[in-house]
Structure formats: C-alpha cells, structure tokens
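Subject: Structure for you to look at

Dear colleague,

I am handing over the structure we spoke about, and I would be glad if you could look through it beside the notes below.

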Amino acid sequence: MHALEQKILNEGIVLSNNVLKVDAFLNHQIDPVLMQQIGQEFAARFKDAGITKIITIEASGIAPAVMAGLELGVQVIFARKYQSLTLKDDLYRAKVYSFTKQTESTIAISNKHIHSTDKVLVIDDFLANGQAALGLADLIHQANAEVVGIGIVIEKSFQTGRDLLLDKGYRVESLARIASLDNEKVTFVK
Ligand code: G4P
C-alpha cells in the first residue's frame, strides 16, 4: 500500500535492526485519514471472503480494525490483555508469548459476541513472530468459528510470523512488508 509505505518512510523511526517506531500515526498518535485508507484496503482485499466479524487485540489493533469494520459493515471485537471489571464470565482465553518483550499474557474475549457460524478476519498493527495472531486465531477456534484471514498493517517480513501463519494454512494480507531495518533504513519487500 503506497500511502502507508510513504508514511513509514517519512515518519517512522528505526530504533534498532528489528524495531520500528510508528508512534506518529499508528501506536500513539493516530492519523485518521491514513487509517481510513487502511480500512478500505483491508476491505478491498477481503470483500469476497464473506466476513461476518473482525477480531483484533488492544490497543493498537483497534483503529485499523474499526476502519475495516466500517468498510465491510461488520462488528469488531477487541481481545482484552488486562482484566476488566465488567468482562469476567464466559470468556474464551488464550496465552500469548511475546518474544520481543519476553512476557506472557492472557488474552480474552466474551463468548457472547462470536458464534460457530462466524467467518472472522483477524487484524493487527504489527506482525513480528505471529504469536498475537495465533492467540486470536485460538480464541476464534474455541468458538468453532472460521478464521478467514489475517490482515496486518505492518509486517516485519524478516521475522518468523508470516511463515508460521502461512504454514498453519492462514491467508495473510499485510499492507506494508518490511524486508529489513538494517543500517537505520527501512527497505520494503519488492
Ligand atoms: P508477535 O505477536 O507477532 O509475536 O509480536 P511481538 O510479541 O514481537 O510483539 C509484541 C508487541 O510489540 C505488540 O504490541 C506488537 O504490535 C509490538 N511490536 C512488535 N514489533 C514491533 C515494532 O517493530 N514496532 C512497534 N512499534 N511495535 C512492535 P503490543 O505490546 O500488543 O502493543 P499495543 O498494541 O498495545 O500498542
């Protein structure tokens, strides 16, 4: 997606050879116009997939997921990473290990909002090692619903996530695919 790649080149900051800071438009400040275009791009790629629901994870997955949900005309659920005062019972839970942060967290959604007839699109902001996407897919499988695809805003293609998800048979659509962050420079997959 050209506009996203340009935004990454203009406003992304390479923190190390494996971390890209995009607080200017995705992880802290959000650019609503770009986010709307991101939603339209996800919708275009998945328009014939019969999607009935989108699932993402708090916090930074919410904006692109909502925009995609608006375009596709479906409800959006975000998995919680922290205990909620109101969300306590009848939960599907999955453990997610972050190789980047070396922490394990439990993510959860209510079983009220997802059904066995749902065809679900998973959306997330970053794809690194694929653990968040796998955790979300686990929640969907617990509901006996179908994972139709995984939509990613920024994929770090030099990490293991994409291959892991493809090996499991998931369709992965990433709007920007980064081949390398070496030498403080962003290079995209050609
Ligand atoms: P994985 O799910 O693909 O295995 O990813 P990983 O554990 O490596 O990532 C953990 C967190 O770090 C996730 O956000 C993910 O989006 C984020 N992340 C991974 N690589 C990068 C990167 O290069 N740049 C930025 N900006 N973020 C990265 P999170 O902790 O869930 O945060 P948030 O959604 O609350 O913002």
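The ligand sits in the largest pocket, and please keep in mind throughout that this is a predicted model. The elements that each give two or more residues to the shell around the ligand are β2 (19–21), β7 (119–127) and α4 (131–142), and β7 gives the most, with 3 residues.

The shell comprises 21 residues, of which Leu20, Lys81, Thr100, Lys101 and Lys156 come nearest to the ligand. When sorted by kind, the residues of this shell divide into 8 nonpolar, 8 polar and 5 charged.

A polar side-chain atom of Lys156 lies 2.6 Å from a nitrogen atom of the ligand, while an N or O atom in the side chain of Ser60 is 2.7 Å from an oxygen atom of the ligand. With Gln131 the backbone takes part, as one of its backbone N or O atoms lies 2.9 Å from an oxygen atom of the ligand. The ligand taken alone exposes 720 Å², and the protein buries 84% of that area.

Turning to the pocket itself, the largest pocket has a volume of about 1000 Å³, and its lining is made up of 35 residues, with Lys81, Ser98, Lys101, Asp125 and Phe126 lying nearest the centre. At least two lining residues are supplied by each of β2, β5 (91–98), β6 (103–110), β7, α4 and β8 (146–156). Here, too, β7 gives the most, with 4 residues, and the lining as a whole divides into 16 nonpolar, 11 polar and 8 charged residues.

Two points in the backbone deserve a careful look. Most residues other than glycine have a negative phi, and most peptide bonds are trans. The peptide bond from Glu58 to Ala59, however, is cis, with omega near 0°, and Ala59 has its place in the loop between β3 (53–57) and α3 (62–72). Asp90, which is found in the loop between β4 (75–79) and β5, has a positive phi, near 55°, although this residue is not a glycine.

With best regards

Note on methods
Residues numbered from 1 in each chain as written. Predicted model: local features only at pLDDT ≥ 70, side-chain atom pairs only at ≥ 80, totals over all residues. Heavy atoms only, no water. Near = heavy atom within 4 Å. Polar contact = N/O pair within 3.5 Å; in protein donor to acceptor, adjacent residues only side chain to side chain. Areas by Shrake-Rupley, 256 points an atom, 1.4 Å probe, with all protein chains shown as cover. 1 Å grid on protein atoms, 1.4 Å probe; cavity = no way out; pocket = protein on both sides within 12 Å on 5 of 7 lines; lining within 4 Å. Sits in = over half its atoms within 2 Å of the grid points. Nonpolar A, V, L, I, M, F, W, Y, C, P; charged D, E, K, R; others polar. Points joined across faces, edges and corners; volume = space filled by probe spheres on them.
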